Amino acid sequence: MYSPIVAITDKVSRMIKSMVYMAMRVSYRRGATVAELAALVGGEVLRGDGSRSLRRVMPTDSASSDSVTFVTKAKYLPSLQSTKACAVMLGPEMLERDDISIPEQVAVIRVAQPYVAFARA
């Protein structure tokens, strides 16, 4: 059954992600560290090297070693298992899950709201 509310919510979600990706590409040309990004968005580095450099934001499945990614929905958690991202931003609800598996080399930044964190960046 078609739901206009779900359709609008999905469309808004895609638009926000797109704007965030563009903003991150521009703002991180010079590079920022994981710790600087965490401070900028009001987050906390829970694990990983805070001095590693970030230059862009990418989806978890195509992220590279100089990128940051984020996950807001449980259906995307499996993609974290194989991500090559430098860091991932996660909200408290994702961090509390038992089925989360993140590679050791990936820094974890806890943020209250991942979408808001990326908008600040």
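These are my notes from looking through a predicted model of one protein chain.

**Ground rules.** I number residues from 1 along each chain as its sequence is written, and I leave hydrogens and water out, using heavy atoms for side-chain values. Since this is a predicted model, local features need pLDDT of at least 70 and side-chain atom pairs count only at pLDDT 80 or more, while totals for chains, interfaces and linings use all residues.

**Overview.** I started with the elements and found four helices and seven strands. For me, helices (H or I, at least four residues) and strands (E, at least two) are DSSP runs, numbered from the N terminus. Read from the N terminus, the order is α-β-α-β-β-β-β-β-α-β-α. Of the 121 residues, 39% are buried; buried means under 20% relative accessible area, exposed over 50%, and partly exposed in between, with a 1.4 Å probe and protein chains only.

**Strand S5.** Next I looked at S5, residues 67-71, and noted that five of its five residues are buried. Ser-67, Thr-69 and Val-71 point one way, Val-68 and Phe-70 the other.

**Ala-74.** Then I moved to the loop between S5 and S6, where Ala-74 is found. Is Ala-74 buried or partly exposed? I have Ala-74 down as partly exposed, because its relative accessibility is 30%. Leaving aside neighbours within four places in sequence, Ala-74 is in contact (heavy atoms within 4.5 Å) with Met-94 and Arg-97. I also checked Ile-100, 26 residues apart from Ala-74 along the chain: their C-alpha atoms are separated by 8.9 Å.

**Cores.** Last, I looked for nonpolar cores, meaning sets of buried Ala, Val, Leu, Ile, Met, Phe, Trp, Tyr and Cys residues joined through side-chain atoms within 4.5 Å. The largest has 15 residues, and those with the most contacts inside it include Val-68, Met-89 and Ile-109. Helix H2 (34-40), S5, S6 and strand S7 (107-110) each give two or more residues to this core, and H2 gives the most, with three. Another core lies apart from it, with nine residues, among them Leu-80, Val-88, Leu-90 and Ile-102. In soluble globular proteins, nonpolar side chains tend to be buried together.
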